Amino acid sequence: MMMNGLLSQWRSPRGIVCILGLLALAALPFVSAALDSPYYAKLATRIMIYALAAVSLNIILGYGGMVSLGHSMFILIGAYAVTIPTFHGITNGWIQLAIAVICAAGIAALTGAICLRTNGMAFIMITLAFAQMMFFLAVSMKNYGGDDGLTLPERSHFGLFTLTSNGALYGFTFAALLLALFFVYRLVNSPFGMVLRGIKQNERRVRALGHSPFRYQLSAYILSACIASIAGFLLANLTNFASPAYGAWTLSGELIVIIILGGTATVFGPVVGAALFLLLEEALPHLVEAIAPDYKSNWMMILGILIVVMTLILKRGMYGSLSGAAPERAK
Amino acid sequence: MSVLEIKNLVKRFGGLTATDNVTLNIEAGEIHALIGPNGAGKTTLISQIVGEQLPDGGSILFNAEDITHLPVPTRAKKGLARSYQITQLCKEFTALENVMLAVQARRANNFHFFRDAHAEQEIVHAAEYAIAQVGLTPRAHTAVAVLAHGEHRQLELAVALALKPKMLLLDEPLAGMSQGESEEMVALLQNLRGQYPMLLVEHDMDAVFALADRISVLVYGRVIATDTPQAIRDNADVKAAYLGH
Amino acid sequence: MPASLIITQALHGVQLGVLLFLLAAGLTLVFGIMNFVNLAHGALYMMGAYFAAAVFAKTNSFILAVLAGLFGGALLGFVVERVALTRLYARDHLDQVLATFGLILFFNELVRVIWGAGSVFMQVPDALSETVSIFGINYPSYRFAIIGVGLAVAAGLWFLIQKTRVGMLIRAGASNAPMVAALGVNITMLNSLVFALGAGLAGLAGAMAGPILSVQPGMGDNILILTLVVIIVGGLGSIRGALYGALIVGVVDTLGRAFLPMVMRNLFDRNLADAAGPALASMLIYLLMAVVLAIKPQGLFPAQK
């Protein structure tokens, strides 16, 4: 019964995009190596990292209905969980990951418990404020680079392998993304996920059934923070660098754009969105240069307008607008 | 011991007294209808019973337990199930999924992240049973957004039933239904008579007189009469205030 | 610690608070009445500063510059609201966040295109470049003038909201917008008016902040978040909350940054104090916000509903 359901989903337009996308990502490093051009592999790694962050945000935003503008905070934590231990001589990836996830969980539990005392607009603003707080905290850590950030002289190693080669990092990132996608896929149809999605659609009704929304929302918030911290861990390894900018609220905004671009309540949408967004960021400067060379560096203006226009026009995002499986299963 | 005891309940909104010293009991097994003109305060009373609003005075006892200030989910867990006058459903979910949420509420622990709720036989079977009780089985896998208004009302009842409640609070379950749909719903509620004590708020007088064991009449926030349907029909005050319309 | 230092910093705090009030007043009204998350408010502040700087450069009249910030901001706000934002009132907060985020990116880049990426210098006007003697210290006249203007605006707003018909409509809209619309009031025009008023105040704040903070791309981003903290602490939709919240945030932030590191050095060992002091000082108002939320989630001076 479940296999039939799975198969019918894979044949839908969304399913096809999903499979093709994953195959492309799997094949890319080999193509890139054959062409002897590491640029695309690095770009793809970056896309996957953003996708991972967006997938994590989608849990609370797309499925949980909680608009958080503070998500970059957890990416920041993940990034510094690599650089600070390395600064002190700990380059073991397992330990760094553990630090990242535990710190993210702890801070998510604390801030989430406070944020979730409010909803709607206040929630958005408070998540933003907490992220800003973490940003200033990072800036004030002069021992760890402060505003300038901290470089990573040596990437994480995991005993049997290290992330030093770009290929290894690519593979590790791809695996992490696959795992996260699988986790979310199971989560959204799980008993927990159903209640969470119910809360987004009609909190009043769900409370009247006897569920207490707070514990579900806080748990989702913590889960999503942990996954985001892993994205931060990967980002620090990719760029060999961590700085307060990784916690800038504009990054949170970009993640939201990515989710919307891809389609909110879908598992694979954030991956599509990340690809579209980062490719757009790559292409726009060249486009602007072709039309108005003097303003090449101002391509963000076009991006800003595009975001406004997209919001006004698109209701369900590019991937979300494709038809998926029958409404009984979320995909 | 009454299932629900409302004692001297008072609720004011600024200068307006929406609930004026209401005393009302619901006995085990009875269908108790609450009628009254528009604006009498029926929905306000219901929302105080379920906990969406808190009274300014008086108390509410459910199975001898004081629930006057308990939060909504706690009261629901104690067995109070409500259906809404303006349907409150999860629109993106299917009918079955809405009922599954209710079934899940009865379980001690919903913090399972990996298993598929749709594959949990316990949840699905209980939900399918409630869906069958209200006659929605052919539409179980249809998204709520696509269902007709009458089907929404049936689903509201199914959701309430799936909670296996100790009491049903039905806020205008026939509102907006066609003649045929109303008759079906009345038949349904007749079938449930005796299984669940019900507080039924309704405007449809045919349904009220067909179903009710007792009727209370609420006018300007006050209960002006509580009696058997026949006695209410003959009550001069009630006629003056309401049945004349 | 000399008293003069404390008084100076306290006055700096009030001055910051007053600037934050100008921003918070408009923003809290937009939140409270139109239920609209406007992240672009900081961009309006920035545009006000640029308008003022441009006019000042051309005319060398500070008065004209300030008026340019005020009316330029109001007009820009009105146009943006009409063109892009009206449609979004009915949409969910997510879409509002997205669209106004896009506007921030747009405006931050726009000023780079027009005025370049560096800071634009705006001079403190000669008339206000001296000091005034107050509370036994010499305090910069310009900053004192900001405090004066801010308090005057607060008084003016109070008069507008409490004593005029428009103000009554705004108050009614803040507590029950659909009712106001049902009574036949042109709610669209009222919304635009409220938005333009807020934008004008933001522009005014930007114009006055110009000479003491640098006029540069992105100057609105940080102050936007400070403003959000003010509104949360004060209470959404409450102008009274905006005023008190702004003063509290302004004073706590300024005094914290000035004195907390020093205090910590007296209490703790030097290394710890030097590491933690500045960090704690920069986080102080967010911790304050967290405490307020833990105790009174609706803010310290919530709007009466």
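Contact here means that heavy atoms lie within 4.5 Å of each other. By that rule, chains A and C have the most contacts among the 2 pairs of chains that touch, whereas chain B and chain C do not touch, their nearest C-alpha atoms being 11 Å apart.

The model is predicted, so that local features need pLDDT of at least 70 and side-chain atom pairs count only at pLDDT 80 or more, while totals for chains, interfaces and linings use all residues. Residues are numbered from 1 along each chain as its sequence is written, chains are lettered from A and ligands numbered from 1 in the order in which they are written, and side-chain values use heavy atoms, with hydrogens and water left out.

**The two interfaces**

The size of an interface is often given as the accessible area lost when the parts come together. Buried area is used in that sense below, as the accessible area (1.4 Å probe) that two parts lose on being put together, summed over both. A salt bridge is a side-chain nitrogen of Lys or Arg within 4 Å of a carboxyl oxygen of Asp or Glu. A polar contact is a pair of N or O atoms within 3.5 Å; within protein, one must be able to donate a hydrogen and the other to accept it, and residues adjacent in sequence count only if both atoms are side-chain atoms.

| Interface | Buried area | Share from carbon and sulfur | Salt bridges | Residue pairs in polar contact (both at pLDDT 80 or more) |
|---|---|---|---|---|
| Chain A and chain C | about 4,000 Å² | 81% | 0 salt bridges | 5 residue pairs |
| Chain B and chain A | about 3,100 Å² | 59% | 2 salt bridges | 17 residue pairs |

The contact between chain A and chain C takes 42 residues from chain A and 46 residues from chain C. In chain A, the residues that lose the most area to chain C are Met121(A), Met125(A) and Trp249(A), which together make up 18% of what that side buries. Helices (H or I, at least four residues) and strands (E, at least two) are DSSP runs, numbered from the N terminus. On the side of chain A that touches chain C, the elements giving two or more residues are helix H6 (121-140), helix H11 (249-262) and helix H13 (300-313) of chain A, and H6(A) provides the largest share, with 13 residues. This side of chain A has 28 nonpolar, 11 polar and 3 charged residues, where Ala, Val, Leu, Ile, Met, Phe, Trp, Tyr, Cys and Pro count as nonpolar, Asp, Glu, Lys and Arg as charged, and the others, Gly among them, as polar.

Between chain B and chain A, 35 residues of chain B are in contact with 29 residues of chain A. Phe111(B), Phe113(B) and Phe114(B) supply 19% of the area that chain B buries against chain A, more than any other three residues. In a salt bridge, the side chains of Arg205(A) and Glu156(B) meet at 2.7 Å, N to O. The side of chain B that touches chain A draws two or more residues from each of helix H2 (72-77), strand S6 (80-83), helix H3 (95-106) and helix H5 (149-162) of chain B, with H3(B) giving the largest share, 5 residues. By class, the residues on this side of chain B divide into 17 nonpolar, 8 polar and 10 charged.

Gln201(A), which is in helix H8 (residues 191-201) of chain A, has a side chain that reaches the backbone nitrogen of Glu92(B) at 2.7 Å. Not counting residues up to four places away in sequence, Gln201(A) touches Cys90(B), Lys91(B), Glu92(B) and Phe93(B).

**Within the chains**

Buried means under 20% relative accessible area, exposed over 50%, and partly exposed in between (1.4 Å probe, protein chains only). Ala236(A) lies in helix H10 (residues 213-239) of chain A and is buried, because its relative accessible area is 0%. Leaving aside neighbours within four places in sequence, Ala236(A) is in contact with Ala79(A), Val82(A), Leu152(A) and Phe241(A).

In chain C, Thr8(C) is in helix H1 (residues 3-34) and counts as buried because its relative accessibility is 18%; beyond residues up to four places away in sequence, Thr8(C) touches Ile137(C) and Tyr139(C).

The expected span of a helix is 1.5 Å times one less than its number of residues. The buried residues of H5(C) include Ile146(C), Gly150(C), Val153(C), Leu157(C) and Ile161(C). An α-helix has 3.6 residues a turn, so residues three or four places apart point the same way.

The 16 residues of helix H9 (residues 219-234) of chain C should span 22 Å, and the end C-alpha atoms are 23 Å apart, which agrees. Of these 16 residues, 15 are buried, so H9(C) is largely enclosed by the rest of the structure. Gly235(C), whose phi is positive, near 115°, follows H9(C).
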